[in-house]
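I opened this entry to record what I looked up, item by item. The notes follow the order in which I went through it.

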Amino acid sequence: MKWEVLKDEAAVSARAEEFLLESLVSSEVGAIALPTGKTPVALYQRLNLLSEDLKAQFRTQTWFALDEFLRRDLAPESSFRGFLLRHFIHPMGIPEGNLLTLSFHPDDPEKEATRYESAIAAAGGLKLALLGIGLNGHIGFNEPGTPLDSRTGVRRLTEKSRKANAYLFPSLEETAHEAMTMGISTILSARRVLMLATGASKEAPVSRLVKDRSITETFPASALWSHPDSWLLVDSTAGAAL
Ligand code: F6R
């Protein structure tokens with residue numbers, strides 16, 4: 001894994017934009033996986049300001065959400081699909097059909113997971129997976145303890161993750177208890193992995209990731225050390241200890 005400590009969130013977004021544009025102009029087939037959450041918002045806002053010519057390059061690309069809450073009564077706007085439509089797909093003028101997401105109320109989660117894996121394969125695999133990092137080191141919603149060889153499936157959310165995502169729900173009690181996510185191995189199957197981390201709350205997980213290089217299920221982000229083309233972009237706050 002290579003990492004870069006950049007001045008601030010704007011610099012991280014600018015650098016991430018370079019990675020995305022490089023991936024879009026390359027002749028390589030494949031889809032791009034996207035995260036939701038607070039971290040990528042500055043990047044999405046920046047992309048929304050691109051020229052129409054550059055935005056056009058995003059419109060023929062297939063995009064996959066990394067994960068989705070599981071909750072039958074979820075308001076669509078609290079879903080990760082809703083988030084990505086609002087922050088990225090609609091402002092970029094990308095056809096909604098080019099965003100593939102997991103259902104937040106699948107009748108058969110196992111079938112849903114298989115459908116997602118097949119859709120990724122049919123798109124030519126992932127050429128890029130963009131990631132955030134959870135306070136506990138989760139990637140996607142692969143919480144500590146998830147096997148490193150896991151594929152897409154259901155995960156129980158930890159209290160820490162529920163609290164971190166409570167801002168998307170009317171109250172903590174209404175926060176989803178489970179999610180579906182691409183597995184660690186699904187994410188690592190991407191030809192390139194790009195993780196973004198910004199802000200003081202990410203200093204501890206970033207420090208652990210970079211300094212303690214052991215690859216362990218108890219800290220899922222550590223799996224990036226086993227990937228031949230993985231990158232970490234952090235701002236000077238998240239990277240204060242590096
Ligand atoms: C969200 C996702 C999560 C987040 C992580 C960080 O789609 O996959 O792994 O990237 O929880 O979230 P923020 O950016 O809100 O700190």
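**Ligand site**

I began with Thr 39: one of its polar side-chain atoms sits 2.5 Å from an oxygen atom of the ligand. I keep in mind that this is a predicted model. Next I checked Asp 67, where a polar side-chain atom is 2.7 Å from a ligand oxygen atom. For Gly 140 I found a backbone N or O atom 2.7 Å from an oxygen atom of the ligand.

**Sheet**

I looked up the strand order and got β4-β8-β7, an open sheet of 3 strands with antiparallel pairing. β4 (67-70) and β7 (153-156) are the edge strands; each has a single partner, so one side of each has no neighbour in the sheet. On average, neighbouring strands here are turned by 30 degrees against each other, direction ignored. I followed β4 to β8 (residues 178-181) and noted 4 bridges between these antiparallel strands. Within that pair, Leu 70 stands opposite Glu 178 of β8.

**Cores**

Which residues touch the most other members of the largest nonpolar core? I found Phe 58, Trp 63 and Phe 88, out of 67 residues in that core. Leaving aside neighbours within four places in sequence, Phe 88 is in contact with Leu 34, Tyr 44, Leu 47, Asn 48, Phe 58, Trp 63 and Ile 94. Apart from this core I noted another, of 10 residues, including Phe 104, Phe 141, Phe 169 and Ala 176.

Note on methods:
Residues numbered from 1 in each chain as written. Predicted model: local features only at pLDDT ≥ 70, side-chain atom pairs only at ≥ 80, totals over all residues. Heavy atoms only, no water. Pairing = 2+ DSSP bridges. Helix = DSSP H or I, 4+ residues; strand = E, 2+ residues; numbered from the N terminus. Axes fitted to C-alpha atoms, helices over the stretch in contact; angles between N-to-C directions. Core = buried A, V, L, I, M, F, W, Y, C linked by side-chain atoms within 4.5 Å. Buried < 20%, exposed > 50% of the residue type's maximum accessible area, 1.4 Å probe, protein only. Contact = heavy atoms within 4.5 Å. Polar contact = N/O pair within 3.5 Å; in protein donor to acceptor, adjacent residues only side chain to side chain.
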